[in-house]
Every structure is written in C-alpha cells, then in structure tokens.
Amino acid sequence: MSLVEHRRPANGFNLVPPPGWDVIPLRTGTKEAMDRIIRKAVAQLPVGFPKDDIPKARLKLTQEMKKVVRRASVKGGMTLYLPTERLHGLALPASFVASEPIEIPRVRPDSGPEAVLAALASEIPGAEMRELDNTAALRSERDVPADAAQGVDVAHRRVEYFVPVPDSAPDKYLAFSFSALIAPGSDPAFYDILVELFDAVMGTFRWSYA
C-alpha cells in the first residue's frame, strides 16, 4: 500500500458514526454537546420513572459524562463518540476517541510514513496494516486487564488505528482509539461484535481537503 499524492495536506476527516451514537467535540462546543445529550437521555427515561428522581439521574449522567470527557481530553482527544441510545434495551459500554495529530520523525530522512508504521507494527502485539481512504494505516487490538496501579479501573477491549496525514510536513499522525468495558463473566462474542462495529465505522473514514 502506498500513500496517494495530494496537492495539499488534508485539513480534517469525516466519519459516519453508528446509529444511536453522538459526537462530542473536545476543542470547542463541548458543554453544548454534553447538555444536548443529557437532555436527550433524560427525555428517554422509562415511563413511570419517578419525577423526584429525575434531578438525581441528570446529575449522575452529568458526572459520568464529565468524567469520560475529561479522560479523553487529557489524552489529547479532539472528538469523542458515545452511544446515547440503547440497543435492544442495552446500554453499550463503549466509546471511541479521535486524537489530536502528533508529529513523529521519520525512520530515515529518505523514508516516509509507511516505514514508521512498519516499525510500529513490529513492536506492537496484534498490529496489522490496513488502508483508510487510500492511506496506509496501522490497526492494533488487545484486551487491557484492570490495574488500579495503572489507573485502569475496569478491564476493556481496545482497538486503535494510527493514520498518517497525507502530505503533512513534518509528518503528522491521527490516532483513533476504541474502548469497550468488559464485564466479569460476559460473552467475548459480544465484544467481538462491538469491535466489528468500530471497524465498520473506520471503513467510512474519508479525508477532508476543504
């Protein structure tokens, strides 16, 4: 696979999130997006939900969302994608984040981003080369065990895509990180389906040159 030549560097990207998912920008407009999602979640509370408990439910949702947003922002996230509608009555324990572009020096002065991806692939277990919108990309997948010492409260399945920005100078890379919480005793096939969903979303990836 080779990177396609473009007249100018890409200045953004487009993804099609799954139905029932919402987007939270982490640069600007974060509070507005959170408020919109919380209002929608409160409106979807089941019929008969005690009215006196609605403020508590709203507060809990706000606290949980702030925690997720803060965690994504600290890790350099620029866009957070969250499931905000239940699937067959089930709240999906998953999310994914698109992170700010980072600069990585070339392996050799005369090499390109593909050499960097190949070097990373040789060091990261479970990594493989993919292609997104005619651009070489690196995909990795692993299960991350709970480890309080490392700040990992709950075990989760993690899938990451690492994508070089075409014709960027110096070379810049985007990262997309998917995480699904693993409940004790749960069926691994469920998480395989969630991973397939994320891979399908990444298949909609397109560069923006506007």
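Biologist: How many bridges join β4 to strand β8?

Modeller: This is a predicted model. In it, 8 bridges join β4 (residues 94–103) to β8 (residues 172–181), and the two strands run antiparallel.

Biologist: Which residue stands opposite F178 of β8?

Modeller: That residue is F96.

Biologist: And what lies on the β3 side of β4, in terms of bridges?

Modeller: Strand β3, residues 77–83, is joined to β4 by 4 bridges, again antiparallel. One of the pairs there is T79 with its bridge partner A98 in β4.

Biologist: Which strand pairs with β8 over 9 bridges?

Modeller: That is β7, residues 156–164, which pairs with β8 in the antiparallel sense. R158 stands opposite S179 of β8.

Biologist: What is the order of the strands in the whole sheet?

Modeller: The sheet is open and has 7 strands, in the order β2-β3-β4-β8-β7-β6-β5, with antiparallel pairing. At the edges stand β2 (21–25) and β5 (128–132); each has a single partner strand, so one side of each is left without a neighbour in the sheet. From one strand to the next, the twist averages 20°.

Biologist: What holds such strands together in general?

Modeller: Strands of a sheet pair through backbone hydrogen bonds, in either a parallel or an antiparallel arrangement.

Biologist: Let us turn to the helices. Which strands does α3 lie across?

Modeller: Helix α3, residues 113–123, lies across β5, β6 (135–144), β7 and β8. Its direction is at about 20° to β6. Helix α4, residues 188–202, also packs on the sheet, where it touches β2, β4, β5, β6, β7 and β8. The direction of α4 makes about 20° with that of β7.

Biologist: Which residues have the most contacts inside the largest nonpolar core?

Modeller: They are F13, L15, F176 and F178, in a core of 28 residues. The elements giving two or more residues to this core are β3, β4, β7, β8 and α4. The largest share, 6 residues, comes from α4.

Biologist: What does F176 touch, leaving aside residues up to four places away in sequence?

Modeller: F176 touches F13, L15, V97, A98, V159, E160, Y161, V163, F198, M202 and F205. Apart from that core lies another, of 13 residues, among them I24, A33, M65 and V69.

Biologist: A change of topic: the backbone. Where is there a cis peptide bond?

Modeller: The bond between A169 and P170 is cis, with omega about 0°. P170 lies in the loop between β7 and β8.

Biologist: Which residue in that loop has a positive phi?

Modeller: D167, which lies in the β7–β8 loop, has a positive phi of about 60° although it is not a glycine. N134, in the loop between β5 and β6, is not a glycine either and has a positive phi of about 65°. Most residues other than glycine have a negative phi, and most peptide bonds are trans.

How values were computed. Residues are numbered from 1 along each chain as its sequence is written. This is a predicted model: local features need pLDDT of at least 70, side-chain atom pairs count only at pLDDT 80 or more; totals for chains, interfaces and linings use all residues. Side-chain values use heavy atoms; hydrogens and water are left out. Two strands pair if DSSP finds at least two bridges between them. Axes are lines fitted to C-alpha atoms, for helices over the stretch in contact, and angles run from 0 to 180 degrees between N-to-C directions. Contact means heavy atoms within 4.5 Å. A nonpolar core is a set of buried Ala, Val, Leu, Ile, Met, Phe, Trp, Tyr and Cys residues joined through side-chain atoms within 4.5 Å. Buried means under 20% relative accessible area, exposed over 50%, partly exposed in between (1.4 Å probe, protein chains only).
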